[in-house]
Amino acid sequence: MSDAATATSSPAASPAIVVRDLVKTYAGHPAVRGVSFEVAQGEIIGLLGPNGAGKSTTLRILTGFLPATSGQVTVCGVDVAANPSEVKTRLGYMPENNPLPEDMRVGEYLHLRGRLKGLTRRKLAPRLDEVVHLCDLGRVRDRIIGKLSKGYRQRVGIADAILAEPPLIIMDEPTIGLDPHQILAVRDLISSLRGRMTVLISSHILPEIEVTCDRVLIINQGRVVATGAPAELRRDFFGHGHYEIELAGPLEHIPAALADVHPGLALVSTSPADSAGFVALRLTAPADAPDLREALVHALARGGRFRLRALGRSRHTLEEVFLAATQTREQGARSREQGAEMSTAPSPSSFPAPRS
Amino acid sequence: MRAFRILLAHELRMLLVSPATYIAATLFLLVMGFVFAGILETFAAAPQEGSPAAVFFQLFWIPVFFMVPLLTMKSLAEERRLGTLETLLTAPVTTPQIVLAKFFAAYALYLGLWACTGGFFYILHWFSGAAQGPDLAPLIGGYLFIAVSGTLFVAIGILASALTRNQAVAGILAFVLLLALVIGTRFTATLEVLKLDHLAGLRAAVDYLQVFTHLEDFTRGVVDTRQVLYYLSGSALALILGILGVEAKLLHS
C-alpha cells in the first residue's frame with residue numbers, strides 16, 4: 001500500500017474516479033476544457049460524445065498515459081499526476097482501436113500481460129483459463145493475434161483489461177467494428193462485471209451505452225454537457241410532453257377535446273388514415289405539464305366519439321438526447337461568442353436548458 | 001526490475017521465434033564468411049603483417065552499418081506505430097524499463113551473431129592442422145572490442161528507433177549516426193583546420209574518438225579504461241536520450 005492510497009480515510013467508500021477541472025491542450029489547441037465528474041465504485045458509466053469531443057484524451061489522462069495540462073484526477077483514491085505507476089496497478093485499460101502485437105499467440109500475449117500486471121505464475125494460470133473462458137477465446141488461444149478476426153481481437157483486448165481483476169476498467173470504444181452477435185456478447189460480458197468492478201466505457205454507439213450503463217456522461221467539445229441515467233436524461237431534455245395516439249373518429253373535434261385535458265396540449269402532426277380508418281397523432285405538452293396519459297384516455301374514449309386504439313408517451317432514444325445535448329451546447333457556444341462580454345461563463349458541468 | 005526482467009525475457013523470446021532473426025543471422029554469417037575467406041586468400045597469396053584475426057576485426061564496420069540498423073529499427077518505432085506502446089505503458093511498466101529491455105535484447109542478438117563468427121577461426125584452425133593453437137590474444141581483444149563498442153552502436157540504433165514511428169526512417173537515421181561515428185570522426189581527424197596549434201585540444205578530442213584506433217588497441221591487447229568508459233557513457237547517453245525521446249513524443253502527441 002502506498003502513501004497515496006492510505007492517505008484517503010477509507011478507500012473502499014471513496015469514489016472510483018474523481019476528475020476536477022481537467023484541461024488538456026495539444027500545442028495550444030484545447031481538447032478537454034474543464035471536465036469534472038465523479039464515478040462511484042461498482043458503477044458502469046458510459047462516456048458519450050461525437051468524434052473529437054475529448055473522450056479518448058480524457059480516458060488516456062485517467063490511465064496516466066498522458067499528463068493533464070491542468071486539473072486533478074484521482075483514481076481509486078490515488079492522484080494520477082503524482083503517482084501514475086500506482087494508478088496503473090489499479091486499472092485495466094483497453095485503448096482505442098485496441099492495439100495488439102501482431103506476431104504473438106493469444107495465450108502468450110495474455111500470459112505476458114498478466115506477468116507485467118504483477119500476477120505470479122501460480123495465480124496467473126487459473127486466472128488465464130478463467131478469462132479465456134469468460135471472453136470465449138478458447139478456440140483461438142493458440143492462434144497468432146495478427147490473424148484473428150476483429151471480434152476476437154476485441155475480445156483479447158477486453159480479456160487483457162479484466163485479467164488482473166483491477167477495481168477499475170476503462171475501455172475506449174470496446175464494441176467498435178463488431179457484428180451484432182459480438183456486440184451482445186461484449187455487452188453481457190460488461191454486465192457480468194457489474195458490482196465487482198467499476199467500468200468506464202466510451203462509445204458513440206448509443207444503444208450500447210443505454211443498455212449497459214448505469215449512468216451516462218455526454219461530452220462535447222471538451223466539456224461535459226449532460227450527465228445522468230439514460231431515463232433521467234430523457235426526462236431532463238424532453239420532459240413528459242410527447243404523446244402518440246392512434247384513433248379513428250371525427251378529427252375536427254380533437255383540438256377541443258385536447259384543450260379540455262390540458263390547455264397547453266398541441267397537435268403536432270396527423271398521419272393519413274390507414275385502411276381501417278385510424279390515424280396516428282403526435283401531441284406535445286409543455287415541459288411543466290404532468291403525465292397526461294390517463295387524462296387523455298379518459299377524454300378520448302369517453303362518449304364514443306373516437307375509437308382509441310393506442311396511446312403512449314413517445315420514447316426518446318438516447319440518440320435524440322445526445323443530439324439535443326450536443327446541439328444545445330454548440331448553439332450555446334455560438335451565442336456566447338456573439339455576446340463576448342458576458343461576465344459569468346456557465347459552469348462546465350451545468351445542464352444546458354432542455355430543448356422544448 | 002521485475003517488469004524489466006519479464007520484458008527482456010519476452011523480447012528475447014520474440015527474437016528467437018521470429019524467422020527474421022534467422023534470416024538476418026544467415027545473411028550476416030554469409031557476408032562475414034566471404035570476408036573471412038577473402039582475408040585468408042590474401043594471406044595465402046603473399047606474406048602479410050599482423051594476423052588474419054586483426055584484419056578481420058578491421059572490417060567490423062560492415063556488419064555494424066547494416067546489421068545494427070536492421071536489428072534495432074523495429075524495436076520502438078513498431079511499438080509506436082501499432083499503438084502497443086500505449087497498452088504497454090498503461091500496464092505497471094515504465095519507459096526506461098521498455099527501452100532497456102529492447103536495448104539488451106538487441107545487444108544480446110548482436111553479441112550472439114558475432115559469437116557465431118568464432119566458428120570461422122575454429123574451422124581455420126581445424127583445417128590448417130597446425131600443431132599449436134591459434135593466436136588467442138588478438139581474438140580475445142577483437143571480441144572484447146566488439147562487445148564494448150557494440151553497446152554504443154546498438155544504443156544508437158535504439159535511439160534512432162525511439163525518435164520516429166517509421167521503421168525506414170529509424171533505419172536510415174541509425175545508419176547515418178553510425179556512419180558519422182565511425183567514418184565521420186576519421187575524416188574530421190584529417191581536416192587541415194585541426195592542425196592549427198590553438199586547436200590542439202580539439203584534435204586530441206577527435207583522436208580520442210577514433211573507433212579504429214580503439215580497435216587497434218584492443219586487438220594489440222591494450223584495454224584502455226578511457227575507451228571502455230567512452231563506449232559505456234556514450235551508450236548510456238544514447239539510451240537516456242532514447243527514453244526522453246519516447247516520453248517527449250507522449251507529451252506532445
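To begin, how many helices and strands does chain A have? Please then describe the open sheet of six strands in chain A.

Reply: The model is a predicted one. Chain A has twelve helices and 14 strands. Of its 356 residues, 39% count as buried. Among the contacts in chain A with a separation of 6 or more, 70% come from residues 24 or more positions apart.

The sheet in question is open, and its six strands follow the order β6-β7-β8-β3-β9-β10 (chain A), with mixed pairing. In general, strands of a sheet pair through backbone hydrogen bonds, and the pairing may be parallel or antiparallel. At the edges of this sheet stand β6 (91-94) and β10 (223-228) of chain A, each of which pairs on one side only. On average, and with direction ignored, neighbouring strands of the sheet are turned by 15° against each other.

Four bridges connect β6(A) with strand β7 (residues 168-172) of chain A, and the two run parallel. A:Tyr93 has A:Ile170 in β7(A) as its bridge partner.

A helix accompanies the sheet. Helix α2 (residues 55-63) of chain A lies across β3 (44-48), β6, β7, β8 (198-203) and β9 (215-220) of chain A. The direction of α2(A) is at about 150° to β7(A).

Two packed helices are described by the angle between their axes and the distance between the axes. Helix α4 (residues 61-82) of chain B packs against helix α6 (residues 95-128) of chain B at an angle of about 155°, and their axes are 10 Å apart. Because angles over 145 degrees count as roughly antiparallel, α4(B) and α6(B) are therefore roughly antiparallel to each other. Their crossing is right-handed. From α4(B), the residues in the contact include B:Met67, B:Val68 and B:Leu71, while those from α6(B) include B:Ala106, B:Leu109 and B:Leu113. By class, the contact of α4(B) with α6(B) has eight nonpolar, two polar and one charged residues.

Key. Residues numbered from 1 in each chain as written. Chains lettered and ligands numbered in written order. Predicted model: local features only at pLDDT ≥ 70, side-chain atom pairs only at ≥ 80, totals over all residues. Axes fitted to C-alpha atoms, helices over the stretch in contact; angles between N-to-C directions. Parallel < 35°, antiparallel > 145°, perpendicular 65-115°, else oblique. Left-handed = near helix turned anticlockwise from the far one by under 90°. Contact = placed C-beta atoms within 7 Å. Nonpolar A, V, L, I, M, F, W, Y, C, P; charged D, E, K, R; others polar. Pairing = 2+ DSSP bridges. Buried ≥ 20, exposed ≤ 12 C-beta atoms within 10 Å, placed from the backbone.
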